[in-house]
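Dear colleague,

Please find below the structure that I am handing over to you.

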Amino acid sequence: AFQNTHFITSAPNIGKLPPDEGIEIAFAGRSNAGKSSALNTLTRQKNLARTSKTPGRTQLINVFEVAPDKRLIDLPGYGFAKVPMAVKEKWQQSLSEYLQQRDSLQGLVVMMDIRHPFRETDQELIYWAVASEIPVLVLLTKADKLKPGQRKSTLLQAREAALAFQGDVTVEAFSSLKKFGVSETERVLNR
Ligand code: GDP
């Protein structure tokens with residue numbers, strides 16, 4: 001469903017995004033969570049989103065077009081220790097504004113390493129999205145890092161934990177390496 005996705009632009013901040021029309025799905029996650037890999041996997045493209053060796057290097061928002069009225073928004077990774085506090089706070093503020101004010105935003109995908117789910121910023125993002133009545137898909141990335149039994153129990157625990165947000169929060173395990181969770185993710189994104 002996302003094979004025809006192509007890059008349109010990089011925006012330095014939320015104010016520079018394309019006009020607030022059509023449908024947007026935003027992708028967020030801590031640096032190194034596997035967001036770029038997941039975007040490439042979902043769009044069946046090798047280099048759509050550049051996987052980086054230096055986490056937190058880019059603060060640009062990458063905009064991809066799936067169809068004329070549908071965009072994927074690749075938000076900058078957060079949680080990178082070397083980013084100064086002032087930059088972090090500014091970013092968090094514009095992110096919360098985006099989640100609260102962007103009319104075309106119809107879904108938020110939050111990626112978190114299956115070994116470290118629900119860190120503080122992940123939870124904040126989910127709260128903001130739920131407060132704005134935006135459906136959230138949590139992807140537990142790098143699911144191949146756990147053995148099947150552990151993967152299953154972590155997924156069930158995370159689904160239990162997600163109930164606390166009292167919103168539309170779906171949780172799936174995902175692996176770009178082993179292609180786990182791809183069809184489940186597509187199903188949620190096409191809902
Ligand atoms: P981003 O910073 O969130 O965009 O993360 P990247 O997609 O660049 O991935 C960060 C690191 O995790 C890279 O070294 C990837 O090779 C690795 N990685 C990404 N996805 C997976 C996965 O599904 N399984 C495993 N084992 N490693 C992954």
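This is a predicted model. The chain has 191 residues, and a compact globule of that length would have a radius of gyration near 16 Å; the chain has 15 Å, which agrees. Its C-alpha trace spans about 45 × 35 × 35 Å along the principal axes. As for burial, 34% of the 191 residues of the chain count as buried.

The chain contains 5 helices and 7 strands.

I would draw your attention to strand β2, which covers residues 23-29. Is this strand enclosed or exposed? Of its 7 residues, 6 are buried, so strand β2 is largely enclosed by the rest of the structure.

Which strands pair with β2? One of them is strand β4 (residues 70-74), which is joined to β2 in the parallel sense over 5 bridges. Within this pairing, E24 stands opposite R71 of β4. Another partner is strand β5 (residues 105-113), which runs parallel to β2 and is connected to it by 6 bridges. Here A28 has V110 in β5 as its bridge partner.

Yours sincerely

How values were computed: Residues are numbered from 1 along each chain as its sequence is written. This is a predicted model: local features need pLDDT of at least 70, side-chain atom pairs count only at pLDDT 80 or more; totals for chains, interfaces and linings use all residues. A residue is buried if 20 or more other C-beta atoms lie within 10 Å of its own, exposed if 12 or fewer, and partly exposed in between; C-beta atoms are placed from the backbone. Helices (H or I, at least four residues) and strands (E, at least two) are DSSP runs, numbered from the N terminus. Two strands pair if DSSP finds at least two bridges between them. The radius of gyration is taken over C-alpha atoms; the globule rule is 2.2 Å times the number of residues to the power 0.38.
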